Amino acid sequence: MKTFEERAEALAAEMTLEEKVYQTLHGAPAIDRLGVKAYNYWNEALHGVARAGTATVFPQAIGLAAAFDEDFMEEIAEAVSDEGRAKFNVQQKYGDYDIYKGLTFWSPNVNIFRDPRWGRGHETFGEDPYLTSRLGVRFIEGMQGNDETYMKVAACAKHFAVHSGPEDERHSFNAVVSEQDLRETYLPAFKACVKEAGVEVVMGAYNRTNDEPCCGSKRLLEDILRGEWQFKGHVTSDCWAIKDFHEYHMVTSTPVESVALAMNRGCDLNCGNIYGNLLKAVEDGLVEEETITRAVVRLLTTRMKLGLFDPQDKVPFNAIDYGVVDCEKHRKLNESAAKKSAVLLKNENALLPLDKKAYRTIGVIGPNANNRKALVGNYEGTASEYITILEGIQAYVGDEVRVLYSEGCHLCKDRIQGLSQGNDRMSEVRAVADASDVIIACMGLDASLEGEEGDEGNEFASGDKPGLNLPGLQEEVLKELVKSGKPVVLVLLSGSALAVPYADQHIPAILQGWYPGARGGKAIADLLFGEASPEGKLPVTFYRTTEELPDFKDYSMKNRTYRYMKQEALYPFGYGLSYTEFDLTGTGLSSETIDKGGQVTVSATLKNTGNMEGAETVQVYIHACTEDAPNFQLKALKKVTLGPGEEQAVSLTLTDEDFGLYNEDGVKVLNACDYEVYVGTSQPDARSAELLGRKPVKHIVRHEGEPVVLPE
């Protein structure tokens, strides 16, 4: 029996050059004489099936990352891919081969969220390479499925590589990065997606990296991706990125030269239409027909792995029924995801959870209180029902409690009504505050403020944030609420870190809800009123000011993220409070030494010593006691759910790889030094200890003798 690749080779051999060229476009046309149906490769599923009608709209990727839970990430991806297959099955039935109707989903985005101003950061899993790697791997495994023969869908790791803004220069920008930062920060997640998860597709980035355009980079595509990592799937360009070669990067002079560079470097698929110029490139001797054939074989192999050339009854995923789309099980999973991802940043004097019996009137104030756009982020599908925070609170308290509402202010402008004098809801804010027993302020951002360059509605034009402060009049409204003397709970909806030092100082309770999905308002209401305990952890650092950030265009990791920053965070990576209490005891290591090929087992017992069920994440960080090493790096985690009084033994494994660091030449070395291994429920920084009132336990592991180079 022939392999998929052998079958793809045989099919490609029957195609003319022109037919092959047009198979390298994202909208590949049908070849009726060979029984090849039309197929559109461009589809999206960042946090649910996107842009193709009704689907479950889960929390945005950054929120899913905040759950700090690998197993749960795979469960979400399984639900997303089930809906993707179900929708595809009916689309095929009715002859719909349009864009966003294929099985090649261009997710996950595993770029590192190195700077909180980047508009697309909420599509990622945060600032840490280890967390991003683990979640990326499990997302891909959940998407692609575990059938021995066929893939459920094809996932795509994007954007390869060293890509995180600025959005308004992405078509011309040159990301200059050291070999050390490339290997230690920007590549690990892609490497894990390829080598561990077997991701089927890798998408190149718009920018140049160290002078080479990513979609035509010898270093990235040939040397690393296919050379070092032995990637066997196909590479796609980002959309219309190849024309940037001659229009903006100026590394080629004509469209023909651009397509030749991309194809020769191994970019198999063109999101766009410029690959039509490959016919001229072959004619001019710039590309060999065999190179195009190789690309077509890779593309057809992907489609064959998806079962698109086999009888209907032979592919198990063809039996997934449309009834799974937006089903009750997925709605409940969606609410669970929103609850798991919310991060409790502050809870002075246990103001939360609220007891609805204690209040006659609740004021809900702010531009995100009733904002559907702030539920979903970008790359979203269409939900059958949206529940905003206001609606969630109204439904929860019912007729027992009066809920007063004011939009408070525009999300970013100085007025809501264009003809007003400005700040045109402040009298209403004061009235609602005066009449309320407790106030829930709903502030933050939405995808009209942070997103992709050119997205319709980006108020800040490029999609990047100009700074970290709450935009518009939001902080002014907060100050007015504090002046009222009423207890205030701040709910932040955003896809990135905000600088909220005023709120930290003056507001007793703060909940970070991210973009919590279509049913997020119900989940947040459940959290506010204690139907569940917050369990999320920050996948990004919350800084105190914009001014302390390095230059946005500087891709050096120096003073960036928790791993390299020198200043104290407002709220640190890995931090998050709960309504219940946990004790981590009996921490121990199986060995006090680590050698090449060795392992160290970390053990501990986690106990819920509080009064309600909750979940806590055991986190293990390593710091190498050598010059210029990162502060410490997350290297293991485990989410555990426990009832009151329950305890569970936790065991985590560290390998020699976890102790190794890349040197200036990009070589991973197990250094001869002490390694501090921190076992706890946060990172081992002073600010986390101050906020939590506890520290991780420190153990020492040593590598004796000479430094050892670790294999890639």
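1. Helices here are DSSP runs of H or I with at least four residues, numbered from the N terminus. On that numbering, Cys-267 lies in the loop between α10 (255-265) and α11 (278-283). Keep in mind throughout that this is a predicted model.

2. Is Cys-267 buried or exposed? Buried means under 20% relative accessible area. Cys-267 has 0% relative accessibility, so it counts as buried. Setting aside neighbours within four places in sequence, its contacts include Cys-215, Leu-221, Val-235 and Ile-242. Thr-236, Ser-237, Ala-262 and Tyr-275 are also in contact with Cys-267. Gly-204 is 63 residues away from Cys-267 in sequence, yet the two C-alpha atoms are 8.1 Å apart.

3. Next, Lys-537. This residue sits in the loop between α19 and α20. Its relative accessibility is 2%, and therefore Lys-537 counts as buried. What does its side chain meet? A polar atom of the Lys-537 side chain lies 3.0 Å from the backbone oxygen of Gly-576. Beyond four places in sequence, Lys-537 contacts Gly-574, Tyr-575 and Gly-576, among others. The list also includes Ala-66, Phe-68, Val-343, Glu-616 and Thr-681.

4. Glu-548 is found in the loop between α19 (520-528) and α20 (561-564). Glu-548 is buried but has no salt bridge. Which side chain of opposite charge is nearest? It is Arg-544, at 6.3 Å. The cut-off for a salt bridge is 4 Å, between a side-chain nitrogen of Lys or Arg and a carboxyl oxygen of Asp or Glu. Glu-548 does have a polar contact: its side chain and that of Gln-567 are joined at 3.0 Å. Leaving out neighbours within four places, Glu-548 is in contact with Tyr-543, Asn-559, Gln-567 and Glu-568.

5. Helix α6 covers residues 179-186 and is mostly covered, with 6 of its 8 residues buried. These are Asp-181, Leu-182, Arg-183, Glu-184, Thr-185 and Tyr-186. What do they pack against? The helices are α5 (129-144), α7 (188-195), α8 (218-228) and α20. The strands are β18 (633-642) and β20 (661-662).

6. Last, the largest pocket. Its volume is about 550 Å³. The lining comprises 26 residues. Nearest the centre lie Arg-134, Pro-188, Glu-196, Glu-657 and Lys-668. Which elements give two or more residues to this lining? They are α5, α6, α7, β18, β19 (647-655) and α21 (656-659). Note that α5, α7 and β18 also pack against the buried residues of α6.

Key: Residues are numbered from 1 along each chain as its sequence is written. This is a predicted model: local features need pLDDT of at least 70, side-chain atom pairs count only at pLDDT 80 or more; totals for chains, interfaces and linings use all residues. Side-chain values use heavy atoms; hydrogens and water are left out. Buried means under 20% relative accessible area, exposed over 50%, partly exposed in between (1.4 Å probe, protein chains only). Lys and Arg count as positive and Asp and Glu as negative; His and the chain ends are not counted. A polar contact is a pair of N or O atoms within 3.5 Å; within protein, one must be able to donate a hydrogen and the other to accept it, and residues adjacent in sequence count only if both atoms are side-chain atoms. Contact means heavy atoms within 4.5 Å. On a 1 Å grid over the protein atoms alone, a cavity is a set of points where a 1.4 Å probe fits but cannot get out, and a pocket is an open set with protein on both sides within 12 Å along at least five of seven lines; lining residues have an atom within 4 Å of a point. Grid points are joined across faces, edges and corners, and a volume is the space filled by probe spheres set on the points.
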